[in-house]
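The model is a predicted one.

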Amino acid sequence: MSQADLEAVRELVSLCLHFGGSRPPANKNSWDGIISLAVDQGVAPLLWLRLKEQPLPKPVSARLWAIYAHTLAHNQELKVEQEKILAALARQGIPAWPLKGTHLSETLYGDLGARQLVDIDVLIHPRDLEPVDCTLTDLGYTRTIRDTLVRLRRSHQLVYQKPNPSGSAFALDLHLRLLPYGLRDPLAERVWTRGMTRETLLLYLCVNQMTHRFAGLKYVCDLQAL
(Lines give C-alpha, C1' and ligand atoms only; values in the text may rest on other atoms or scores of the structure.)
Protein backbone atom coordinates (compact mmCIF):
# COMPACT_ATOMS: atom_id res chain seq x y z
CA MET A 1 0.00 0.00 0.00
CA SER A 2 1.40 3.37 -1.00
CA GLN A 3 1.67 6.30 1.38
CA ALA A 4 -1.17 8.04 -0.50
CA ASP A 5 -3.40 4.98 -0.14
CA LEU A 6 -2.62 4.73 3.55
CA GLU A 7 -3.43 8.39 4.05
CA ALA A 8 -6.77 7.93 2.24
CA VAL A 9 -7.62 5.07 4.60
CA ARG A 10 -6.80 7.18 7.64
CA GLU A 11 -8.83 10.13 6.37
CA LEU A 12 -11.86 8.02 5.45
CA VAL A 13 -11.95 6.16 8.76
CA SER A 14 -11.59 9.41 10.66
CA LEU A 15 -14.34 11.17 8.68
CA CYS A 16 -16.84 8.29 8.81
CA LEU A 17 -16.32 7.50 12.47
CA HIS A 18 -15.80 11.08 13.71
CA PHE A 19 -12.45 10.32 15.27
CA GLY A 20 -11.11 13.36 17.07
CA GLY A 21 -13.73 15.67 15.57
CA SER A 22 -11.91 15.43 12.27
CA ARG A 23 -12.50 17.90 9.46
CA PRO A 24 -12.33 17.16 5.72
CA PRO A 25 -8.99 17.75 4.01
CA ALA A 26 -8.56 21.07 2.24
CA ASN A 27 -6.29 19.58 -0.41
CA LYS A 28 -8.45 18.65 -3.44
CA ASN A 29 -5.87 16.11 -4.58
CA SER A 30 -6.64 13.98 -1.50
CA TRP A 31 -10.28 13.50 -2.44
CA ASP A 32 -9.98 11.13 -5.39
CA GLY A 33 -8.44 8.44 -3.22
CA ILE A 34 -10.86 9.04 -0.35
CA ILE A 35 -13.99 8.86 -2.51
CA SER A 36 -12.76 5.83 -4.46
CA LEU A 37 -12.05 4.02 -1.20
CA ALA A 38 -15.42 5.09 0.23
CA VAL A 39 -17.23 3.54 -2.74
CA ASP A 40 -15.22 0.32 -2.40
CA GLN A 41 -15.99 0.14 1.32
CA GLY A 42 -19.71 0.90 0.88
CA VAL A 43 -19.68 4.16 2.86
CA ALA A 44 -19.72 6.84 0.14
CA PRO A 45 -23.34 7.94 0.78
CA LEU A 46 -22.70 7.93 4.53
CA LEU A 47 -19.65 10.10 3.92
CA TRP A 48 -21.90 12.64 2.20
CA LEU A 49 -24.29 12.64 5.17
CA ARG A 50 -21.36 13.16 7.53
CA LEU A 51 -19.91 16.06 5.51
CA LYS A 52 -22.82 17.79 3.80
CA GLU A 53 -22.70 20.71 6.25
CA GLN A 54 -18.95 21.10 5.84
CA PRO A 55 -17.29 23.55 3.38
CA LEU A 56 -16.21 21.03 0.74
CA PRO A 57 -14.67 21.84 -2.65
CA LYS A 58 -17.56 22.14 -5.12
CA PRO A 59 -16.47 19.22 -7.35
CA VAL A 60 -16.17 16.98 -4.26
CA SER A 61 -19.55 18.07 -2.92
CA ALA A 62 -21.21 17.47 -6.31
CA ARG A 63 -19.63 14.03 -6.66
CA LEU A 64 -20.62 12.87 -3.17
CA TRP A 65 -24.14 14.24 -3.64
CA ALA A 66 -24.50 12.36 -6.93
CA ILE A 67 -23.44 9.11 -5.26
CA TYR A 68 -25.88 9.68 -2.41
CA ALA A 69 -28.76 10.58 -4.75
CA HIS A 70 -28.17 7.48 -6.88
CA THR A 71 -27.98 5.32 -3.75
CA LEU A 72 -31.20 6.78 -2.38
CA ALA A 73 -33.11 6.14 -5.63
CA HIS A 74 -31.79 2.57 -5.78
CA ASN A 75 -32.64 1.93 -2.13
CA GLN A 76 -36.15 3.27 -2.61
CA GLU A 77 -36.70 0.63 -5.30
CA LEU A 78 -35.32 -2.06 -2.99
CA LYS A 79 -37.53 -0.93 -0.12
CA VAL A 80 -40.70 -1.10 -2.22
CA GLU A 81 -39.75 -4.58 -3.43
CA GLN A 82 -38.83 -5.76 0.05
CA GLU A 83 -42.17 -4.57 1.42
CA LYS A 84 -43.96 -6.54 -1.32
CA ILE A 85 -42.08 -9.69 -0.31
CA LEU A 86 -42.70 -9.28 3.42
CA ALA A 87 -46.38 -8.47 2.86
CA ALA A 88 -46.84 -11.55 0.67
CA LEU A 89 -45.20 -13.76 3.30
CA ALA A 90 -47.30 -12.16 6.06
CA ARG A 91 -50.49 -12.94 4.13
CA GLN A 92 -49.39 -16.58 4.16
CA GLY A 93 -48.75 -16.43 7.90
CA ILE A 94 -45.01 -16.98 7.38
CA PRO A 95 -42.73 -15.14 9.82
CA ALA A 96 -39.81 -13.33 8.17
CA TRP A 97 -37.28 -10.73 9.27
CA PRO A 98 -35.56 -8.12 7.08
CA LEU A 99 -31.78 -8.14 7.51
CA LYS A 100 -29.31 -5.35 6.73
CA GLY A 101 -30.56 -3.51 3.66
CA THR A 102 -33.02 -0.63 3.73
CA HIS A 103 -34.25 -1.61 7.18
CA LEU A 104 -30.77 -1.11 8.62
CA SER A 105 -30.29 2.20 6.80
CA GLU A 106 -33.37 3.67 8.45
CA THR A 107 -32.90 1.99 11.83
CA LEU A 108 -29.28 3.03 12.35
CA TYR A 109 -29.02 6.30 10.41
CA GLY A 110 -32.57 7.52 9.95
CA ASP A 111 -31.89 7.91 6.23
CA LEU A 112 -32.81 5.44 3.51
CA GLY A 113 -29.85 6.51 1.37
CA ALA A 114 -27.18 6.07 4.04
CA ARG A 115 -25.95 2.62 3.03
CA GLN A 116 -24.82 1.31 -0.36
CA LEU A 117 -26.97 -1.77 -1.02
CA VAL A 118 -26.90 -4.49 -3.63
CA ASP A 119 -29.72 -6.83 -2.72
CA ILE A 120 -32.57 -7.65 -0.35
CA ASP A 121 -31.86 -9.84 2.69
CA VAL A 122 -34.65 -11.73 4.46
CA LEU A 123 -34.43 -14.35 7.21
CA ILE A 124 -36.92 -17.23 7.30
CA HIS A 125 -37.14 -20.44 9.31
CA PRO A 126 -35.85 -23.45 7.31
CA ARG A 127 -39.11 -25.32 7.92
CA ASP A 128 -40.95 -22.61 5.94
CA LEU A 129 -38.79 -22.92 2.82
CA GLU A 130 -41.42 -24.71 0.70
CA PRO A 131 -44.21 -22.12 1.10
CA VAL A 132 -41.71 -19.27 0.87
CA ASP A 133 -40.31 -20.69 -2.37
CA CYS A 134 -43.83 -20.90 -3.81
CA THR A 135 -44.62 -17.33 -2.73
CA LEU A 136 -41.44 -15.98 -4.31
CA THR A 137 -42.20 -17.86 -7.52
CA ASP A 138 -45.63 -16.22 -7.60
CA LEU A 139 -43.91 -12.84 -7.20
CA GLY A 140 -41.77 -13.51 -10.27
CA TYR A 141 -38.56 -14.67 -8.59
CA THR A 142 -36.39 -17.53 -9.83
CA ARG A 143 -34.14 -19.55 -7.54
CA THR A 144 -30.57 -19.72 -8.83
CA ILE A 145 -29.81 -23.15 -7.30
CA ARG A 146 -31.63 -26.19 -8.65
CA ASP A 147 -32.06 -28.90 -6.03
CA THR A 148 -34.78 -30.44 -3.90
CA LEU A 149 -36.17 -28.12 -1.24
CA VAL A 150 -35.59 -30.80 1.38
CA ARG A 151 -31.85 -30.70 0.66
CA LEU A 152 -31.82 -26.91 0.36
CA ARG A 153 -33.22 -26.51 3.88
CA ARG A 154 -29.69 -27.17 5.13
CA SER A 155 -28.29 -24.19 3.17
CA HIS A 156 -27.03 -21.02 4.78
CA GLN A 157 -28.81 -18.85 2.22
CA LEU A 158 -30.41 -19.09 -1.21
CA VAL A 159 -30.33 -16.49 -3.96
CA TYR A 160 -33.42 -15.52 -5.96
CA GLN A 161 -33.57 -13.12 -8.89
CA LYS A 162 -36.35 -11.18 -10.57
CA PRO A 163 -36.26 -8.87 -13.61
CA ASN A 164 -36.55 -5.20 -12.72
CA PRO A 165 -38.42 -2.92 -15.15
CA SER A 166 -35.70 -0.29 -14.67
CA GLY A 167 -33.17 -2.62 -16.28
CA SER A 168 -31.23 -4.42 -13.54
CA ALA A 169 -32.50 -7.52 -11.76
CA PHE A 170 -33.69 -7.61 -8.16
CA ALA A 171 -31.58 -10.01 -6.10
CA LEU A 172 -32.94 -11.57 -2.92
CA ASP A 173 -30.71 -13.36 -0.41
CA LEU A 174 -33.03 -15.69 1.46
CA HIS A 175 -31.28 -16.52 4.74
CA LEU A 176 -32.05 -19.78 6.49
CA ARG A 177 -29.21 -19.33 8.96
CA LEU A 178 -27.32 -16.40 10.50
CA LEU A 179 -24.16 -18.24 11.50
CA PRO A 180 -22.33 -19.59 8.47
CA TYR A 181 -20.59 -22.51 10.19
CA GLY A 182 -21.43 -25.19 12.74
CA LEU A 183 -24.32 -27.57 13.25
CA ARG A 184 -26.36 -25.23 15.44
CA ASP A 185 -27.46 -21.66 14.85
CA PRO A 186 -28.16 -20.10 18.27
CA LEU A 187 -28.20 -16.60 16.76
CA ALA A 188 -31.15 -17.40 14.47
CA GLU A 189 -32.82 -19.19 17.38
CA ARG A 190 -32.62 -15.94 19.36
CA VAL A 191 -34.49 -14.16 16.57
CA TRP A 192 -37.25 -16.75 16.46
CA THR A 193 -37.72 -16.75 20.24
CA ARG A 194 -37.07 -13.07 21.13
CA GLY A 195 -37.32 -11.13 17.88
CA MET A 196 -34.54 -8.97 16.45
CA THR A 197 -33.56 -7.17 19.65
CA ARG A 198 -30.79 -4.58 19.65
CA GLU A 199 -28.50 -7.08 21.36
CA THR A 200 -29.18 -9.71 18.69
CA LEU A 201 -28.68 -7.13 15.94
CA LEU A 202 -25.35 -6.20 17.51
CA LEU A 203 -24.26 -9.86 17.48
CA TYR A 204 -25.43 -10.24 13.88
CA LEU A 205 -23.47 -7.16 12.76
CA CYS A 206 -20.36 -8.57 14.44
CA VAL A 207 -20.84 -11.79 12.47
CA ASN A 208 -21.14 -9.77 9.26
CA GLN A 209 -17.97 -7.87 10.08
CA MET A 210 -16.13 -11.19 10.35
CA THR A 211 -17.63 -12.84 7.26
CA HIS A 212 -17.73 -9.81 4.91
CA ARG A 213 -14.24 -8.43 5.28
CA PHE A 214 -14.42 -7.02 1.73
CA ALA A 215 -16.72 -4.25 3.02
CA GLY A 216 -15.30 -3.99 6.51
CA LEU A 217 -15.67 -0.26 7.07
CA LYS A 218 -19.41 -0.28 6.30
CA TYR A 219 -20.03 -2.77 9.08
CA VAL A 220 -17.70 -0.93 11.47
CA CYS A 221 -19.83 2.19 10.89
CA ASP A 222 -22.98 0.13 11.47
CA LEU A 223 -21.61 -1.15 14.76
CA GLN A 224 -20.70 2.36 15.87
CA ALA A 225 -24.15 3.69 14.87
CA LEU A 226 -25.88 0.93 16.82
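Buried means under 20% relative accessible area, and exposed means over 50%.

Q: Is Lys 100 buried or exposed, and at what relative accessible area?
A: Lys 100 sits in the loop between β1 (97-99) and α5 (101-109). The cut-off for buried is under 20%. Lys 100 falls under it, so the residue counts as buried, at 11%.

Q: What is the phi of Lys 100?
A: Most residues other than glycine have a negative phi. Lys 100 is not glycine, yet its phi is positive, near 50°.

Q: Which residue meets the side chain of Lys 100 in a salt bridge?
A: The N to O distance is 3.9 Å. The pair ties together parts that are 21 residues apart in sequence, because one partner lies in strand β2 (residues 120-123) and Lys 100 in the loop between β1 and α5. The partner is Asp 121.

Q: Which helix holds both Arg 10 and Glu 7?
A: Their side chains meet in a salt bridge, 3.8 Å from N to O. Arg 10 is partly exposed at 47%, and Glu 7 is partly exposed at 34%. The two are three residues apart, about one turn of the helix, and that helix is α1 (residues 3-17).

Q: How far apart are the closest N and O atoms of Glu 199 and Arg 190?
A: Glu 199 is partly exposed, at 49% relative accessibility. Arg 190 is buried, at 18%. They form a salt bridge, with the closest N and O atoms apart by 2.6 Å.

Q: How many salt bridges does a search of the whole structure find?
A: A salt bridge needs a side-chain nitrogen of Lys or Arg within 4 Å of a carboxyl oxygen of Asp or Glu. Searching the whole structure gives a total of eleven.

How values were computed: Residues numbered from 1 in each chain as written. Predicted model: local features only at pLDDT ≥ 70, side-chain atom pairs only at ≥ 80, totals over all residues. Heavy atoms only, no water. Helix = DSSP H or I, 4+ residues; strand = E, 2+ residues; numbered from the N terminus. Buried < 20%, exposed > 50% of the residue type's maximum accessible area, 1.4 Å probe, protein only.
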